[in-house]
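Open your viewer and get the selection tool ready. We will walk through the fold one stop at a time.

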Amino acid sequence: RTYIVITFDDQHSSIYDIAFPLMWEFGMRGTTAINTGFIGTDGNLSWQQVEELEFDYDWETAGHTLNHVNLPDCTDEEALYQIEQDWLNLKERGLSHKTFVLPRGHAICRDYQIIKKFYKNIRNSIDSRMFYPIDRWNIGYFSYLSSYNAEDAILRIAEGILNKEALVVIGFHRFNDPEHTHNCSEEDFRKILQFVYDQDLSVIT
């Protein structure tokens, strides 16, 4: 059986305003990968919204560094601070803190060693095919880009079903913002969710 994970990176307010109501309509839960240093700033999710998604609607919250830094460019001290403080901010608010999403998909061996001290799962930015047993330190994902349409994501999910992949992770960043490189329209997002629903796929966090 192929399971689906739907993730939302970088805490843009459209995740709550557009994606969340549609996810709720289809009875699905998602994962928000947040930079806790940006929560509550202009155009981003508030702490109240992040907590509502998890505590009231059973979404997962994942770490993503404090300020979305490129980890390989950081000193040892900076990398530790960005990872650990982000984790502490989640933990202190009672939010889930078991999954870490690599910002920009980049990390070096030092970063993996730090992340593994705090987290149980690491998601990268490579659309790798995942079969049982799943490598929890190397979870891939399909990142939805502005140049895509709903059919691209649907085809990726269909491929996963055909290949009997254990897990297909589909990732989004923001909605109805055509100037952004990782935009998805509300219409396309609905089509993707409708396909997942019609295929009776289990959406997990």
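Start with the lining of the largest pocket, whose residues divide into 11 nonpolar, five polar and four charged. In this count Ala, Val, Leu, Ile, Met, Phe, Trp, Tyr, Cys and Pro are nonpolar, Asp, Glu, Lys and Arg are charged, and the others, Gly among them, are polar. You are looking at a predicted model, in which local features need pLDDT of at least 70 and side-chain atom pairs count only at pLDDT 80 or more, while totals for chains, interfaces and linings use all residues. Residues are numbered from 1 along each chain as its sequence is written, and side-chain values use heavy atoms, with hydrogens and water left out.

The space in this largest pocket is about 360 Å³. Select Val 5, Arg 136, Ile 139, Leu 167 and Thr 205: of the 20 lining residues, these are the closest to the pocket's centre. (On a 1 Å grid over the protein atoms alone, a pocket is an open set of points where a 1.4 Å probe fits, with protein on both sides within 12 Å along at least five of seven lines; lining residues have an atom within 4 Å of a point. Grid points are joined across faces, edges and corners, and the volume is the space filled by probe spheres set on the points.)

Now colour the strands. Strands S1 (3-9), S3 (60-63), S4 (99-101), S5 (121-123) and S7 (167-172) each give two or more residues to the lining of the largest pocket. Which element gives the largest share of that lining? S1 does, with three residues. (Strands are DSSP runs of E with at least two residues, helices are runs of H or I with at least four, and both are numbered from the N terminus.)

Next, select Asp 9, Asp 10, His 64, His 68 and His 173. They lie nearest the centre of the second largest pocket, which is lined by 21 residues and has a volume of about 300 Å³. Its lining has four nonpolar, 12 polar and five charged residues.

(Axes are lines fitted to C-alpha atoms, for helices over the stretch in contact, and angles run from 0 to 180 degrees between N-to-C directions; roughly parallel means under 35 degrees.) H1 passes H6 in a right-handed crossing, meaning that the near helix is turned clockwise from the far one by less than a right angle. Show side chains here: Ile 18, Ala 19, Leu 22, Met 23 and Glu 25 in H1 meet Glu 186, Phe 189, Arg 190 and Leu 193 in H6, with contact meaning heavy atoms within 4.5 Å. This contact has six nonpolar, no polar and three charged residues.

Tyr 16, Phe 20 and Trp 24 in H1 meet Gln 49, Glu 52, Leu 53 and Tyr 57 in H2.

For another helix pair, select H3 (76-92) and H4 (109-118). Their axes come within 10 Å and cross at roughly 25°, and the two are therefore roughly parallel to each other. Among the residues in contact are Ile 83 and Trp 87 in H3, and Ile 114 and Phe 118 in H4.

Finish with two backbone details. In the loop between S5 and S6 (142-143), find Pro 133; the peptide bond from Tyr 132 to Pro 133 is cis, with omega near -10°. Then go to Lys 164, in the loop between H5 (150-162) and S7. Phi of Lys 164 is near 60°, a positive value in a residue other than glycine.

Notes
Angles under 35 degrees count as roughly parallel, over 145 as roughly antiparallel, 65 to 115 as roughly perpendicular and the rest as oblique.
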